[in-house]
Each structure stands twice: as C-alpha cells, then as structure tokens.
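Please open the structure in a viewer and keep the selection panel at hand.

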Amino acid sequence: MTTATALQNTLTAAREAGRAALIGYLPAGFPDVESSIRVIEAMVEGGCDVIEVGLPYSDPMMDGPTIQRAADRALAAGTTTDDVFRVVEATAATGAAAVVMSYWNPIERYGVERFAAALAKAGGAGVITPDLIPEESEEWTAASRASGLDRVFLVAPSSTDRRLALTTQACSGFVYAASLMGVTGTRAQVSDTAAVLVRRTREVTRDSGLPVCVGLGISTGAQAAEVASYADGVIVGAGFCQRVLDAPDLETGLVAVRSFAQELAEGVRSGRA
Amino acid sequence: MSHDQPLPDPHGHYGRFGGRFAPEALIAALDEVESEWDKAKQDPQFQAELADLLRDYTGRPSALSEARNFSGHCGGARVLLKREDLNHTGSHKINNVLGQALLTRRMGKTRVIAETGAGQHGVATATACALLGLDCVIYMGEEDTQRQALNVARMRMLGAEVVPVTIGSRTLKDAINEAFRDWVANVDHTHYLFGTVAGPHPFPKLVRDLHFVVGEEARAQVLDRVGRLPDAVAACVGGGSNAMAIFAAFIPDEDVALYGFEAGGEGAQTTRTAASITAGSPGVFHGARTFVLQDEYGQTLPSHSISAGLDYPAVGPEHAHLADTGRATYEPVTDAEAMEAFRLLCRTEGIIPAIESAHALAGARRLGERLGPEAVILVNLSGRGDKDVDTAAAYFGLVDPEGQA
C-alpha cells in the first residue's frame, strides 16, 4: 500500500470541503528564479491549493503566446532543471501541493529515474506531461512509481472513449482534462466542450474515483466558478503569467497575482452553491 | 503497391527512435491520417489519381543524368544524378505534397497548413492546394520570410496565406511549433501537410511512402543504364525527406552503401552547425525520439546552415535508426564544401543545384575519391538552385553588396 501524495491529500480535502481545488501554474524562473518563488507564494496566499511548477522549454508546442513569453523569460534568465527543483522545494514549503508540468525532452535528458528521484527529494508530488501519452510512458511509469510520484496525463475533447479509459487508467493524482481544442491562453468563454469531456471522463473513472481537473482558457472568477460546478479542480496558468508580464515591477505584480488568486479561490468556492 | 518496409512497428518506432510524443488532442487526427493512408494505399482509384498527377503534372519519371564532367572532380567515379530538380516546383517536395493533398480531400478536410524553411515545401504545398481547391496557410519563420522573400511572393501568388512566425528563433523549428498550435485548434477541418520524414507517427512513414517513387525509379534507371546497382547512394539530410526518398528502395540491397550528408555549417564540431546525427544526441523533438541538437538540459540549440532547407536541429527518426544500425552512414559537409560543389556543378554540367543538394554533391566528391574510377555513385539532386542565386551571388561576390551587377 503506497501512501497518498500531497497532491492526493489536497484534492481529497477539497472534495471533502465540497468544492473544487484551485490549481495555479507558473514557469519556474519566471521572471527569474527568486522572483518566481515569490510569485508562487503570492498565488498560495491568494488561495491556490496546488501549484504546477512549469519547466521552461525552448519549444512549447502546446502553449499560446503568454506562456511562451513567460517561458522565454525564464530561459533567458538562465533557469535550469535544477532550479526547477529549488522552486518545487520552496513551493512545498508553503503548504501547497507542488507538481511539475514539463514537456518530455527535458525529463528524458536529465535522466528519467534521476529526475523522478530529485523531484521526490524536493518535495514534489507528481508531474504533468503534456506531450507524453501512456503508450510511450513505460520508463516514466516505472520511475514515478519507484519515487512515489503521481503521473498526470491529459485527455482532450477529441479523445475516443477507448483512449479516455486507457489514459485515466495510466494516471494517478488526477487527470488533466483540456477544456478545448487549442493551446494555453485566456478565452472569453469556457468552451462547451469542457463539461462534455468531464462527463465522458467520469464515465470511465467511476470505479477509481480519479479526480478530473480542467485547464485551458480559464481566466476569471466567474469561469472558475462555472468549471468548479462540475470538475474536481480548476487549472489557471496564462492569467497569472499575464499579470506578472503586465506589472511594471515585481511588487506590483505580486499584488495583482494575489488578488487574482483570491478572485479564483472565491470562484471555486461558489461553483456549487 | 509494394512500398511497405518492415519498419516502423505499429506504434511508429524505428528501433529505439520514432514513436508519438504528441499532445493527446492530436492523437485522434494522427490515427485518422494513418488509417486513411493505409486505405488509400490499397485504393486503386486513389493510386491512379496520384500516378496521373505525378506523370502529367509533376513530370515523372524524373531523368537520370550522367555527370561526365563533374566526375573528374569525384576521383573519376561515375556519377549519376537523379533529377528531382526537374520536377514541377523545382524539387522532390511535390511528390509528398500531391499525395497528402489528395489524402486531405479524401478525409473530407478543406484546409491545409504547412511549415516551410527555405520555402520549397511551402511553394509545393501552395501549388497542390491551388490545384485541388484547398485553403492553404503556410507558417514560415520571420527570419526566413526575409531571407526568402521571393518564395513568399510565389506562395501568395498561388493563393496561400503566409504567416511570419515571430516567436522563438523565428526559423523552421518555430514555424513547425506554430503549425502544430494551429492544427490542434482547427483539426476538425484542417490537415497538417508535414513536409519531411520527421514528426510524430505516421508522418515519417507517410512522407517516406509518398517519396518512395524516387528511389524506385532511380534503381531501375541505374540498372538499365549501368547494368548493375550503384556502389553508393548519396543524399543531403536536413529533416531527411529527399534522403529517405532515394534510400528506401535500396535498403534491402545490402551491397549498396547509403550515405547521408548533413549540413555541417561552419563545422560539426562548432556551435554553428545543423549536423544533428553527427553532433547531436538522442532526444524527443517535434513528436518523435531522434537525434537532436540540444544542451545538457534538453533545450533545443539553434542550428546553422548556409542552406535554409537543411537548417533544422533534428532529423527524421528512420535516419536515426539507419545510423544506429549502421545501414546508412552520415557525414557532415561544411558550408564551404557545399558551395564549392555548387560552383563546380554549375560550371561543369550547366546545372544550378539547390544548396541543399550541393551537400550531396560535395559528399559524392568525397566518396569518389575513396571509391575510385570503377565506382558508380547515385546522387539525389533534390532541387534546383534558382531560389539560391541571391545567396550564391553574395557568397561568391558576383554582385556588389547592393545586389547590382
């Protein structure tokens, strides 16, 4: 019997409180390593339950312009994989659950087992892998199991029922449901495809009870409330990055980030009222 | 058709390379492309339509020219040029594009997107879309739109929308990233007409299959002309489509040596190179496991080649596998070696090759010196050099810096 990860405990606590969890994303090292830790602390102070620490990558195929710019800034600041572990450690110290979001190549390059061990040592709970599908994940599954990390794969509106079953069986912690067909970034409305996908996903997770968290295009408290009415977690990324990009200095950015997290946290608490 | 190779395996792996490292949102579309292509390969009507286009529109079979004068610069070896430069639109790219455009229509999709570096694949794609009445959007790095302004005009003339990509390094790899981002948002009515033997499965296989005709023709032409198979086959390698085009039919012929000549840039040991097999390491890039130019953290390194079409920091996964098994040999050719071969072919044979193809010609010179006058070397002359005249004129100082004679 494996012990529950910090991620699993956090999502269970939110479920028991009758609400969705708030999951915030920020690339490690954006705008630089020390500042990214401060932004994450503000996200947690504002009400984020889980932080996705992004590993900035040169070719982020699934990201829109806002997160691309944030990742570029992080790379230009010299952020490395080891810095990501430092940010994870600082994130875990806030009390929020810390997971890493990374494209596959940096993990493979670091060494899959070595990466898993270093992340677990830093207090990370798992990894979200947007370009790794279960069919290619044999090595990752073994390494993450050995280090006690959660594996979060994605499902999308285009996933067949067969793939929803396959992918959710390979997940632990939660499954990341992409709300729409597209890349990260803010949208005026939550896509209709999100609720449909969550319903379809729940049909194959009835036995496991695997939490279903929704990301892509959520950037207001009202949108967070809408998604929280049917999902176990609400994932927000570009909205946080945008506030840091727009701020004239870090302190102003921290205020905006904290207040944005509060707005979202109120949203996830009002979703099922 | 007997185009099936034993590889890839059902999940798109070539040994330890290839596969599908793509977002879940695209898996259904990749599956659709794979299954439709499997059906189209068996569909006589589809194959007849493609064969008609290749013959009457592209001008296949392409000629095999013996380079008798250039041979003197290749240790006296017999050098046979597979003239893909004579195809409509000026390179081998049209073979793949016509097949995938027909496949787009077969899938009921109305819009095509593609990436381009130098513009050859973009021009070919815009051409096929004009012919078949498909909407066409071409992603091109902003830096390349400036280097290849004439090709931008050609694509627009053919009715395509050209989108300059202004993020990342603003070159081919970023154009591919942006095309994938478009695809994931528009996949219900859009086909991503991928231009080389890279990317997630099934693209490496699909593109190889559609170019198989090149090596198949050349093999028969060499047998007919020389009475035996060549000793060596030479091609340039960026992503590797023209090399797979000419290699594929020869892979079972174990006595035929296969040589891929990578863009060494200023030297494969320098940071100004695009020789991903020689100077790179195994990694995952643009959807497949292959050789990648990357740093110790797996961040992609910028590539360099004088040839925009070879300026790519990775290579198709089947090439990675052929290098791994030793079935093919990959060597770097520097910018300077390629430009010398470019000049020599112009002067000795009256053929202006693409700078891409000039890398294969430089490789043939090296092979000829090694193998001697008894050897027969088949070279894929993958494209014509009209598009490169500006670059060559500047390189050789044929015009003053303002472009005036």
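Axes are lines fitted to C-alpha atoms, for helices over the stretch in contact, and angles run from 0 to 180 degrees between N-to-C directions. Helices (H or I, at least four residues) and strands (E, at least two) are DSSP runs, numbered from the N terminus. This is a predicted model, in which local features need pLDDT of at least 70, side-chain atom pairs count only at pLDDT 80 or more, and totals for chains, interfaces and linings use all residues. Residues are numbered from 1 along each chain as its sequence is written, while chains are lettered from A and ligands numbered from 1 in the order in which they are written.

**Chain A: a helix pair**

Select residues 221-228 (helix 10) and 250-270 (helix 12) of chain A; their axes come within 7 Å and cross at roughly 30°. Helix 10 of chain A is therefore roughly parallel to helix 12 of chain A (angles under 35 degrees count as such).

**Chain B: a sheet and its helices**

Next, display the open sheet of 6 strands in chain B, ordered 3-4-14-9-10-13 with mixed pairing (two strands pair if DSSP finds at least two bridges between them). Strand 3 (64-66) and strand 13 (328-334) of chain B stand at the edges with a single partner strand each, so one side of each has no neighbour in the sheet. From one strand to the next, the twist averages 30°.

Select strand 4 (residues 78-83) and strand 14 (residues 376-381) of chain B, which run parallel and are joined by 6 bridges. B:Lys82 stands opposite B:Asn380 in strand 14 of chain B.

Technical notes: Angles under 35 degrees count as roughly parallel, over 145 as roughly antiparallel, 65 to 115 as roughly perpendicular and the rest as oblique.
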